[in-house]
Amino acid sequence: MTELPPCPLCKSTFTYEMNGLLACPECGHEWNPEEDNAADQQFVVKDSNGNILQDGDSVVTIKNLPVKGTSQTIKAGTKVKNIRLVDSDHNIDCKIDGFGAMALKSEFVKKA
């Protein structure tokens, strides 16, 4: 027997197959497993305003960000050019003048 994926809404592991769809007995959600796989493969990063970011974009920080290991902070309004998106907790890799290579969270930047 194959293991079915958990429910995308409530994360219940008690999903079952019914008429070609997957169903969750806990929240009642039904979904097509083929559409679910296509959505998982697409990696989308959004800024604090909901704009979709892409590799090479420029962003501006929206608040002061402390730099771990130093007493310096990245000031609000700092422009960061040529970002690179990665699939991790800090989903933006970049170089900031005066700081060097950094990893930022997309929720603290807006598209320039």
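Q: Leaving aside its neighbours within four places in sequence, which residues is T15 in contact with?
A: In this predicted model, T15 is placed in the segment before β1 (16–18). Leaving aside the neighbours within four places in sequence, the residues in contact with T15 are L4, P5, P6, C7, A23, P25 and W31.

Q: Is T15 buried or exposed?
A: A residue counts as buried when its relative accessible area is under 20%. For T15 the relative accessible area is 10%, and T15 is therefore buried.

Q: How many Å separate the backbone oxygen of P5 from a polar atom of the side chain of T15?
A: P5 is one of the residues in contact with T15, and a polar contact requires a pair of N or O atoms within 3.5 Å. Between the backbone oxygen of P5 and a polar atom of the side chain of T15, the distance is 2.9 Å.

Q: In β12, what is the bridge partner of I92?
A: Strand β11 covers residues 92–96 and strand β12 covers residues 100–104, and the two pair in the antiparallel sense over five bridges. In β12, the bridge partner of I92 is L104.

Q: Which residue takes a positive phi in the hairpin of β11 and β12?
A: The hairpin of β11 and β12 has three residues between the strands. With a positive phi near 90 degrees, the residue in question is G98.

Q: In β11, what is the bridge partner of R84?
A: β10 and β11 pair in the antiparallel sense over two bridges. In β11, the bridge partner of R84 is D93.

Q: Which strand gives the most to the lining of the largest pocket?
A: The largest pocket holds about 200 Å³ of space, and its lining consists of L65, P66, V67, I74, H90, M102, A103, L104, K105 and F108. At least two residues of this lining are supplied by each of β7 (65–66) and β12. With three residues, the strand that gives the most is β12.

Q: How many residues of the lining of the largest pocket are nonpolar?
A: The lining includes L65, I74, M102 and F108. Its residues divide into one charged, one polar and, as the nonpolar part, eight.

Q: Leaving aside its neighbours within four places in sequence, which residues is Q72 in contact with?
A: Q72 lies in the loop between β7 and β8 (73–74), and Q72 is partly exposed, with a relative accessible area of 44%. The C-alpha atoms of Q72 and C94, 22 residues apart along the chain, are separated by 17 Å. Leaving aside the neighbours within four places in sequence, Q72 is in contact with P66, V67 and F99.

Q: In β9, what is the bridge partner of V60?
A: An open sheet of three strands, with antiparallel pairing, has the order β9-β6-β13. Here β9 (79–80) and β13 (109–111) stand at the edges, each with a single partner strand, so one side of each is left without a neighbour in the sheet. Strand β6 (residues 59–61) pairs with β9 in the antiparallel sense over two bridges. In β9, the bridge partner of V60 is K79.

Technical notes:
Residues numbered from 1 in each chain as written. Predicted model: local features only at pLDDT ≥ 70, side-chain atom pairs only at ≥ 80, totals over all residues. Heavy atoms only, no water. Pairing = 2+ DSSP bridges. Helix = DSSP H or I, 4+ residues; strand = E, 2+ residues; numbered from the N terminus. Buried < 20%, exposed > 50% of the residue type's maximum accessible area, 1.4 Å probe, protein only. Polar contact = N/O pair within 3.5 Å; in protein donor to acceptor, adjacent residues only side chain to side chain. Contact = heavy atoms within 4.5 Å. 1 Å grid on protein atoms, 1.4 Å probe; cavity = no way out; pocket = protein on both sides within 12 Å on 5 of 7 lines; lining within 4 Å. Points joined across faces, edges and corners; volume = space filled by probe spheres on them. Nonpolar A, V, L, I, M, F, W, Y, C, P; charged D, E, K, R; others polar.
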